[in-house]
Amino acid sequence: IKAGTFSGFTALKSIDLPENLTSLRGDAFYGTSIKKLYIPKNVTDLYWIACETLVTLEIHPDNPRYRCVGNCFIDMETKTLLQVFGKPTFPTDGSIEVFGEGVLWGNEEITELIIPEGVTHLWNNAIGDNPNLKKLHIPSTLVEIDYPIESYFDLRNLEVITVAAGNKTYYAKDNCLIKKDNGTLMIVNKYGKIPTDGSIKSIGYGTFAGFKDLKSIVIPEGVVSIESGAFSSCSSLESVSFPESLESIGSYAFGGCTSLKKIDIGDNVKHFGTEVFVGCTALEEVSLPKEVEYWTWGIFDSCKSLKRIVVPYGVKDFDIRRCTSLTEVVLPETVTHAAFNDCTSLRTVILPESMRSMYDMFFGCTSLEEIVLPSGLIRIYSEAFYNCTSLKKITIEGDITEIGAEAFGMCTELASVSL
């Protein structure tokens with residue numbers, strides 16, 4: 001039975017699978033109304049069953065690979081918990097060593113989660129988005145919690161975190177889960193309190209993501225890195241205090257923090273990931289380090305209240321898009337390419353001599369009236385100034401060797417080009 005075979009059959013409430021069936025895709029019954037399902041003896045390639053109405057799973061007792069214990073669907077070959085139907089009741093016979101991908105994700109019936117001894121790994125999104133979870137207990141055997149960069153735990157009501165004695169990888173402090181070898185804060189309780197004893201070296205992937213009630217955060221001294229998505233979608237977050245020890249901020253670390261108005265990042269931060277502050281629509285003031293070593297794209301995209309930015313020395317490729325209140329940008333001599341697409345209020349940009357080429361650099365900058373192109377510039381590619389409807393004057397100081405198609409398309413007010 002292949003993928004989606006019965007998908008969308010909303011009236012389908014039961015099905016009898018033949019005993020000679022060997023292959024069954026887990027999403028074959030997606031969107032049906034099946035509540036009870038029987039898995040025949042010879043099915044051995046099933047990972048999970050996508051059916052929201054399913055509450056009971058029965059498996060042939062002689063199936064060589066799968067077993068259902070209570071409401072837990074287990075792959076006995078890999079000792080992986082594949083699926084749980086409702087509030088979990090885990091077997092304690094050592095049959096589970098791995099929590100599979102998304103096994104408890106979004107389970108609203110869990111208020112206390114005691115991961116049984118013997119479990120060594122929690123795979124991608126095994127836990128998370130559990131709004132009623134208040135207590136979490138980590139066994140002594142757990143050695144790895146794995147999840148994608150773009151994901152997060154979102155255990156927004158978690159109050160108590162404990163770790164069994166003897167765990168060599170994790171420990172709990174102030175109801176926070178911390179990795180021993182590198183001091184990474186993995187999971188935090190709902191109060192958002194970070195230990196201040198210097199033990200925390202990194203705020204982990206998505207640690208605070210989705211904390212809707214978090215209004216301010218003081219990141220303590222000793223923290224060296226803020227990892228990807230660490231504070232993403234904290235929609236009430238208004239202020240962040242960064243420590244002098246901080247050296248890097250990961251991708252989307254503060255993405256979607258729509259109440260954040262001001263940031264002041266110390267000079268020791270040298271590495272910025274992609275889209276660090278993307279979608280921070282209330283952000284008005286930015287103070288950045290004087291010099292950086294690594295800077296990538298989209299860091300301030302869609303920061304619609306940002307008015308001015310001084311770009312750090314060391315940045316080579318700078319782009320900022322859809323910042324509709326931005327009026328002034330100061331670029332360092334290290335920049336060779338920049339883009340300001342749809343920054344509709346932008347009026348002042350002094351381009352450095354290091355600039356070599358222009359792509360869709362000022363596309364849609366409808367308030368730009370005048371621009372001086374530096375002597376180092378040799379190429380203007382397609383649509384570089386497209387739809388700059390207020391542009392009146394261009395001064396070209398260097399020897400341009402190439403101008404692309406529609407480079408000045410829809411520049412309806414352009415009256416002067418000085419070569």
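A pocket, as the word is used here, is an open set of points on a 1 Å grid over the protein atoms alone, with protein on both sides within 12 Å along at least five of seven lines, whereas a cavity is a set of points where a 1.4 Å probe fits but cannot get out; residues with an atom within 4 Å of a point count as lining. Grid points are joined across faces, edges and corners, and a volume is the space filled by probe spheres set on the points.

The model is predicted, so local features are given only at pLDDT of at least 70 and side-chain atom pairs only at pLDDT 80 or more, while totals for chains, interfaces and linings use all residues. Residues are numbered from 1 along each chain as its sequence is written, and side-chain values use heavy atoms, with hydrogens and water left out.

## Pockets

The second largest pocket has a volume of about 180 Å³, and the largest pocket holds about 480 Å³ of space. In the table, Ala, Val, Leu, Ile, Met, Phe, Trp, Tyr, Cys and Pro count as nonpolar, Asp, Glu, Lys and Arg as charged, and the others, Gly among them, as polar.

| Pocket | Volume | Lining residues by class |
|---|---|---|
| Largest pocket | about 480 Å³ | 12 nonpolar, five polar, four charged |
| Second largest pocket | about 180 Å³ | three nonpolar, three polar, four charged |

The largest pocket is lined by 21 residues, and Gln83, Val84, Gly102, Val103 and Trp105 are those that lie nearest its centre. The lining of the second largest pocket is made up of Arg156, Asn157, Lys190, Tyr191, Gly192, Gly210, Phe211, Lys212, Asp213 and Leu214.

Gly210 of that lining is also among the residues touched by Ser232, along with Ala209, Tyr252, Ala253, Phe254 and Gly255, where contact means heavy atoms within 4.5 Å and residues up to four places away in sequence are not counted. Ser232 itself is placed in the loop between β17 (225-226) and β18 (239-241); strands (E, at least two residues) and helices (H or I, at least four residues) are DSSP runs, numbered from the N terminus. With a relative accessible area of 5%, Ser232 is buried, a word that means under 20% relative accessible area, with exposed meaning over 50% and partly exposed in between (1.4 Å probe, protein chains only).

## Aromatic pairs

The structure holds 19 aromatic pairs, in which rings of Phe, Tyr and Trp (its six-membered ring) have centres within 6.5 Å, and planes under 30 degrees apart count as stacked, over 60 as edge-to-face and the rest as tilted. One of them is the stacked pair of Phe277 and Phe300, at 5.4 Å centre to centre and with 10° between the planes. Because Phe277 lies in the loop between β21 (271-272) and β22 (285-287) and Phe300 in the loop between β22 and β23 (308-310), this pair ties together parts that are 23 residues apart in sequence. Phe277 is buried at a relative accessible area of 0%, and Phe300 is buried at 1%.

Phe318 and Phe340 form a tilted pair, with 6.1 Å centre to centre and 55° between the planes. Phe318 belongs to strand β24 (residues 317-319) and Phe340 to the loop between β26 (337-339) and β27 (348-350), so parts that are 22 residues apart in sequence are tied together by the pair. Both Phe318 and Phe340 are buried.

Ile34 is found in the segment before β1 and, at 1% relative accessibility, counts as buried. Leaving aside neighbours within four places in sequence, Ile34 is in contact with residues including Leu12, Ile15, Phe29, Cys51 and Leu54.

Pro40 lies in the loop between β1 (36-39) and β2 (56-59) and is buried at 0% relative accessibility. Pro40 and Asn20 are 20 residues apart in sequence, and their C-alpha atoms are 7.5 Å apart in space.

Asn167, in the loop between β11 (160-163) and β12 (170-173), is buried at 3% relative accessibility. A polar atom of the Asn167 side chain lies 2.7 Å from the backbone nitrogen of Thr169, and one lies 2.8 Å from the backbone nitrogen of Tyr170.

Most residues other than glycine have a negative phi. Asn125, in the loop between β8 (121-122) and β9 (135-138), has a positive phi of about 60° although it is not a glycine. Glu406, in the loop between β32 (402-403) and β33 (416-418), has a positive phi of about 55° and is partly exposed at 48% relative accessibility.

Definitions and conventions:
A polar contact is a pair of N or O atoms within 3.5 Å; within protein, one must be able to donate a hydrogen and the other to accept it, and residues adjacent in sequence count only if both atoms are side-chain atoms.
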